[in-house]
Every structure is written in structure tokens, then in C-alpha cells.
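Please look at the sequence and the model together.

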Amino acid sequence: MAEAKKDKLKVYEIAIFLAFFCACYLFSAPYREKLFLREITADELRQMSAQEYMNMMFWTSKLTVSDVLYDWPHKEDIPYLLSRVNSYIYSGATSCENSESFAELADSIRMFGYDYGTTESIAALFLLKAIKDKKFEGYWKSYPYDEDEIIAWARAEMENMREAGE
């Protein structure tokens with residue numbers, strides 16, 4: 001009886017090891033990119049809040065949007081985005097097909113095979129910049145050079161919204 005229990009325990013240990021090995025293999029960088037590619041239309045993105053977008057991007061390595069957006073994200077998303085500017089949680093990157101940087105991105109991927117991963121902090125900064133500039137063109141493998149300016153602008157906008165009762 002004890003021998004049967006030991007055999008059963010070994011089977012469970014092997015099953016757990018194999019499950020762990022498969023998960024590591026599937027979620028390693030080269031496979032994560034291929035598994036979590038996504039495309040959506042600009043209209044679909046317009047329907048999302050910044051928080052819904054960030055939740056989706058945790059499970060997306062690269063999102064391609066069909067067009068540049070001139071009306072997304074929304075000012076109401078500023079408080080949430082400010083809460084994410086210090087987050088090191090994984091987030092995928094987004095590119096917009098009709099943006100100026102899309103051809104540059106495609107060339108870089110072809111030549112260097114860039115990994116798309118970034119952090120929520122970088123994504124939040126780019127989304128705040130998009131609200132400020134009224135233009136979302138996506139982002140990938142870079143960091144906004146004007147981080148302090150973006151955060152200061154967002155805090156001022158949030159204060160203006162609070163005073164206006166929005």
C-alpha cells in the first residue's frame with residue numbers, strides 16, 4: 001500500500017514539473033511575443049478606458065491598432081494613469097499602422113527582432129502624452145524623454161478637473 005502511494009506521489013511530482021516546464025517554455029520571450037499578438041481597430045480602442053487597455057496589455061505583447069487616434073485616451077483617464085507611472089508591471093507595446101513610426105518599427109523588427117515588452121509606467125506616460133498632445137500613435141521600446149513635463153502637466157490637469165467638479 002505504501003509503495004502505491006509513493007508511485008502516485010511520483011506521478012504527481014512529474015506532472016507538476018512538466019506543467020511548470022511547459023508554462024516556462026510558452027511564456028518565455030520569443031514565444032510570448034507570438035502567442036500574445038493582437039490587432040484591433042481604432043474604433044474598438046476608442047471604446048476602452050485606459051484601465052481596460054492596461055489590463056488587456058498585460059496579456060498582449062504587441063498590439064497593432066488600425067489607425068492613429070486623435071481622440072483617445074480621455075481626460076477622465078488621467079488619475080488612473082498617474083497612479084501607474086511608477087509601476088514595473090509588464091505591459092506590451094502598441095503601434096498604429098498609419099503612424100510615422102510604424103515603418104521604422106517594422107524595419108527594426110525585421111532587422112533586429114525586437115522584443116515588445118515594456119512596463120505599465122512607460123505605457124502610462126505615453127498615454128498621458130497622448131492626452132496632452134491629442135494624438136495617440138502607439139509606443140514601443142522607448143521611453144518618453146519628457147517624463148517630468150508630462151507628469152507635471154497631468155497633475156495640473158487633474159487639479160483643474162477637480163476644481164471644475166469633473
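This predicted model contains six aromatic pairs. One of them is formed by Tyr53 and Trp72: the ring centres are 5.3 Å apart and the planes meet at 70°, so the arrangement is edge-to-face, since planes over 60 degrees apart are classed that way. Tyr53 belongs to helix 4 (residues 50-58), while Trp72 sits in the loop between strand 2 (62-65) and helix 5 (78-83); the pair therefore ties together parts that are 19 residues apart in sequence. Tyr53 is buried, at 0% relative accessibility. Trp72 is buried too, with a relative accessible area of 1%.

Another pair is made by Phe126 and Tyr139. Their ring centres are 5.3 Å apart, but the planes are at 10°, so this pair is stacked, because planes under 30 degrees apart fall in that class. Phe126 comes from helix 7 (residues 120-133) and Tyr139 from strand 6 (residues 138-139), and the pair links these distant parts of the chain, 13 residues apart. Phe126 and Tyr139 are both buried.

How do these rings relate to one another? Tyr53, Trp72, Phe126 and Tyr139, along with Phe136, make up one aromatic cluster. The cluster thus holds both the edge-to-face pair of Tyr53 and Trp72 and the stacked pair of Phe126 and Tyr139.

Next comes a charged residue. Lys62 is located in strand 2.

The last topic is the surface. Phe58, Trp59 and Ile89 make a nonpolar surface patch of about 280 Å². Where does Ile89 lie? Ile89 is in the loop between helix 5 and strand 3 (90-91). Its relative accessibility is 38%, so Ile89 counts as partly exposed, a class that lies between the buried limit of 20% and the exposed limit of 50%.

Conventions. Residues numbered from 1 in each chain as written. Predicted model: local features only at pLDDT ≥ 70, side-chain atom pairs only at ≥ 80, totals over all residues. Heavy atoms only, no water. Phe/Tyr/Trp six-rings, centres within 6.5 Å; stacked < 30°, edge-to-face > 60°. Helix = DSSP H or I, 4+ residues; strand = E, 2+ residues; numbered from the N terminus. Buried < 20%, exposed > 50% of the residue type's maximum accessible area, 1.4 Å probe, protein only. Patch = residues over 30% accessible without salt bridge, like charges linked within 9 Å, V, L, I, M, F, W, Y side chains within 5 Å. Areas by Shrake-Rupley, 256 points an atom, 1.4 Å probe, with all protein chains shown as cover. Salt bridge = Lys/Arg side-chain N within 4 Å of Asp/Glu carboxyl O.
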